[in-house]
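I opened the model to look up its charged pairs. My entries follow.

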Amino acid sequence: MMRQTPAIHLKDNAKIQAGIITEEDKIQLQGTASGESGIRDFYIYVNSQKVFFKSAEGGQNSIDFDAQVPLKDGKNVIHLVARQTRDVQNYKMLIVTKLPKKDAEVKSSTEASKSSAAPAEETGH
């Protein structure tokens, strides 16, 4: 009898499958990992760093997950891994591109210099 690998179902799957480009520092991934013969654990790697882990309690057939996944500027390779046993597992790979927040930083520094100059002008009257 051939074992079926666990399934990984993401909430908002259509949006995620199309790829994501964001300026946010994190992305929220929610969903369920399930296996007909039970599930051992579920974890998420971003650029080879484990950022989320959840273990199943004995005999559980599914694990719900809700993870805030940190992003770095540029391309982020995210692996979602569901394990049934050491040898039986399944994974999904997502690519999320984080754009640098240069525009926001420039605005903030410009506004800061204006606000620090304003009191000096007021005291001159």
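**Salt bridges**

I find Asp-25, Asp-73, Lys-98 and Lys-101 linked in a network of salt bridges (a side-chain nitrogen of Lys or Arg within 4 Å of a carboxyl oxygen of Asp or Glu). By this rule I get a count of four salt bridges. The model is predicted, so local features need pLDDT of at least 70 and side-chain atom pairs count only at pLDDT 80 or more, while totals for chains, interfaces and linings use all residues. Residues are numbered from 1 along each chain as its sequence is written, and side-chain values use heavy atoms, with hydrogens and water left out.

I looked up Asp-25 next. Asp-25 forms a salt bridge with Lys-98, with the closest N and O atoms 3.5 Å apart. This pair links distant parts of the chain, 73 residues apart: Asp-25 is in the loop between strand 2 (20-22) and strand 3 (26-34), and Lys-98 is in strand 8 (residues 89-98). I take helices (H or I, at least four residues) and strands (E, at least two) as DSSP runs, numbered from the N terminus. Asp-25 also bridges to Lys-101, at 3.9 Å between the closest N and O atoms. Lys-101 sits in the loop between strand 8 and helix 2 (102-123), 76 residues from Asp-25.

For accessibility I use buried for under 20% relative accessible area, exposed for over 50% and partly exposed in between (1.4 Å probe, protein chains only). Lys-98 is buried at 6%, whereas Asp-25 is partly exposed at 43%.

I then checked Arg-83, which forms a salt bridge with Asp-41 at 2.7 Å between the closest N and O atoms. Arg-83 lies in strand 7 and Asp-41 in strand 4 (residues 41-46), so the pair ties together parts 42 residues apart in sequence.
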